[in-house]
Amino acid sequence: MSSRRRIFAAEFKTMKVNYEFTGENAKDVVVLNNADAEFKMNTWTIQAVTSLDFKVVSFYGGVGYNTGNSSAKMRGEYGLNYDVEDSNGEVIGNITEMVVDPINLDFNISGMRGTLGTRLNIGFFKIFADYTIQEFNTATAGIAFSFR
């Protein structure tokens, strides 16, 4: 005997990570001024999922749409100190270079997705695997424990 389920799902994920660099050692090779790094990510997924459930195995599939954006930034002033060596390896001078806001990356992605998968049900123990076709295809596998 089998049962069929249909689900409409939507999810939103967001993440923002900030890190402030400090340069308190006078011997540092990099001198920092107002230096920080920031990573941000936002994604939306909307999909319809259906499954065919048997006693020991379930099969599922879904069709949906993803959209997302992310950015990675390193801001501030970075003073880089280099030693200049001659062919014998002896230091003959020093160069200092100032770099301002060295990294500023933005990424956007959106598109359709399709998922096919299966789940093996052995009591409270579950084993699952699925494959999602989208701009960057993904394979997922896992083990779960389920108590009711």
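Buried residues, those under 20% relative accessible area with a 1.4 Å probe and protein chains only, make up 20% of the 148 residues in the chain. The model is predicted: local features need pLDDT of at least 70 and side-chain atom pairs count only at pLDDT 80 or more, while totals for chains, interfaces and linings use all residues. Residues are numbered from 1 along each chain as its sequence is written, and side-chain values use heavy atoms, with hydrogens and water left out.

**Overall build**

- The chain has seven strands and zero helices; strands are DSSP runs of E with at least two residues, helices are runs of H or I with at least four residues, and both are numbered from the N terminus.
- The radius of gyration of the chain, taken over C-alpha atoms, is 26 Å, well over the 15 Å that the globule rule gives for 148 residues, so the chain is more spread out than a compact globule.
- The globule rule is 2.2 Å times the number of residues to the power 0.38.
- Along its principal axes, the C-alpha trace spans about 85 × 30 × 30 Å.
- Among contacts (heavy atoms within 4.5 Å) between residues at least 6 apart in sequence, 58% join residues at least 24 apart.

**The largest pocket**

- The largest pocket has a volume of about 440 Å³.
- A pocket is an open set of points on a 1 Å grid over the protein atoms alone, where a 1.4 Å probe fits, with protein on both sides within 12 Å along at least five of seven lines.
- Grid points are joined across faces, edges and corners, and the volume is the space filled by probe spheres set on the points.
- There are 22 lining residues, each with an atom within 4 Å of a point; the closest to the pocket centre are T43, N66, T67, G68 and I109.
- β1 (3-20), β2 (30-53), β3 (57-85) and β5 (103-122) each supply at least two residues of this lining, and the largest share, seven residues, comes from β5.
- The lining divides into six nonpolar, twelve polar and four charged residues.
- Ala, Val, Leu, Ile, Met, Phe, Trp, Tyr, Cys and Pro count as nonpolar, Asp, Glu, Lys and Arg as charged, and the others, Gly among them, as polar.

**Positive phi values**

- Most residues other than glycine have a negative phi.
- N34, in strand β2, has a positive phi near 55 degrees and is not a glycine.
- N34 counts as exposed (over 50%), at 68% relative accessibility.
- D101 also has a positive phi, about 45 degrees, although D101 is not a glycine.
- D101 lies in the loop between β4 (91-100) and β5 and is partly exposed (between the buried and exposed limits), with a relative accessible area of 44%.

**E38 in strand β2**

- E38 is in strand β2 and is buried, with a relative accessible area of 9%.
- The side chain of E38 makes a polar contact with the side chain of R75 at 3.5 Å.
- A polar contact is a pair of N or O atoms within 3.5 Å; within protein, one must be able to donate a hydrogen and the other to accept it, and residues adjacent in sequence count only if both atoms are side-chain atoms.
- Leaving aside neighbours within four places in sequence, E38 is in contact with K16, V17, N18, S71, A72, K73 and R75.

**V91 in strand β4**

- V91 is in strand β4 and is exposed, with a relative accessible area of 52%.
- Leaving aside neighbours within four places in sequence, V91 is in contact with D83, V84 and E85.
- V91 and K55 are 36 residues apart along the chain, and their C-alpha atoms are separated by 75 Å.
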